[in-house]
Amino acid sequence: MTDPAPRPPASARDTDDTPDDDDRPTLFWYRYRKGDGWRADMPAGPPGEELAALRSGLGTEAGSAPKMWPYYTSRTDGRLTPRLIAEHSALALYGLHQQSQSAPMHQRGVGLGHALHALRLRDRYSSDALDRRVANTVESNGLSPLLYRLRMLIPNLRSAAQPLDYDQLMKDLVDWQQADKRQLVRRTWGLGYYVWGPQAEVAKNAKNRATPEAPAPA
């Protein structure tokens, strides 16, 4: 008998303002998790066909990709809700992010801005080019342009094996649909990407120590 999928904290099950509901199914990115890794019976994580089903939702409206229907946890009476739209979007991006990755790409506490900041520190890409792409993403007007630009950034996180908090991303996508909350999401992502203070100095010093010193000119 296999271990049941772990129950995440209420904050991982509910990303809107509704009361906690113990009957709500587990969000997909917890389905095969145990602690910080995968369950013993699923050492490679989610099956490839399930991740492919999630990716079928990329660029589509919530509810319009039948392969994704079994993975929704959001309640609906047949109408699109902000939570369902956000969950659909987060699931599709997670399917893209987790593809071909051995370690879980969902990690709590790593917001989008911080994940992109970590990517910038690795010098895998031009800092100026990444700055422009992140700025364009944060300045998106409306959900569709935002999701298109996130879809372009997620493969960069995947190639660097950089995880992201999908609980938080899902909540951010709910808030993005409300004009009065969108600016707060922008600010949070921006401050996470442009980190000032001791944390940034520690990261910078660690990167410098890992970089071989160039020989002095003759």
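Q: What makes the approach of the Gln101 side chain to the backbone oxygen of Arg158 a polar contact?
A: A polar atom of the Gln101 side chain lies 3.3 Å from the backbone oxygen of Arg158. A polar contact is a pair of N or O atoms within 3.5 Å; within protein, one must be able to donate a hydrogen and the other to accept it, and residues adjacent in sequence count only if both atoms are side-chain atoms. At 3.3 Å, the pair is therefore inside the 3.5 Å limit.

Q: What kind of model is this, and which values count?
A: This is a predicted model, in which local features need pLDDT of at least 70 and side-chain atom pairs need 80 or more, while totals for chains, interfaces and linings use all residues. Residues are numbered from 1 along each chain as its sequence is written, and side-chain values use heavy atoms, with hydrogens and water left out.

Q: Why is Gln101 called buried?
A: Its relative accessibility is 18%, and buried means under 20% relative accessible area (exposed is over 50%, partly exposed in between, with a 1.4 Å probe and protein chains only). So Gln101 falls on the buried side of the cut-off. Its place is the loop between helix H3 (82–98) and helix H4 (112–121).

Q: Which residues is Gln101 in contact with, leaving aside its neighbours within four places in sequence?
A: They are Arg158 and Ala161, where contact means heavy atoms within 4.5 Å.

Q: Why is Ser100 called exposed?
A: Ser100 has a relative accessible area of 73%, which is over the 50% mark and therefore exposed. Ser100 also sits in the loop between H3 and H4.

Q: How do you know that the length of H3 agrees with its number of residues?
A: The expected span is 1.5 Å times one less than the number of residues, which gives 24 Å for the 17 residues of H3. The end C-alpha atoms are 24 Å apart, so the two values agree.

Q: How many aromatic pairs does a search of the whole structure find, and what makes the pair of Trp176 and Trp189 stacked?
A: The search finds eight aromatic pairs. Trp176 and Trp189 are 5.4 Å centre to centre, with 15° between the planes. Rings of Phe, Tyr and Trp (its six-membered ring) pair if their centres lie within 6.5 Å; planes under 30 degrees apart count as stacked, over 60 as edge-to-face and the rest as tilted, so 15° means stacked. The pair links Trp176 in helix H7 with Trp189 in helix H8 (residues 179–193), 13 residues apart. Trp176 is buried at 0%, and Trp189 is buried at 3%.

Q: What makes the pair of Tyr193 and Tyr194 edge-to-face?
A: Their planes are 85° apart, and their centres 4.9 Å; the angle is over 60, so edge-to-face is the label. Tyr193 is buried at 2%, whereas Tyr194 is partly exposed at 37%.

Q: How do you know where to read the model with care?
A: Mean pLDDT, the predictor's confidence in each residue from 0 to 100, is 85 for the protein, and 78% of its residues reach 70 or more. Over residues 1–22 the pLDDT is below 50, with 46 contacts beyond near neighbours in sequence. Residues 210–218 also stay under 50, with zero contacts beyond four places in sequence. Where pLDDT is low, the predicted coordinates should not be read in detail.

Conventions
Helix = DSSP H or I, 4+ residues; strand = E, 2+ residues; numbered from the N terminus.
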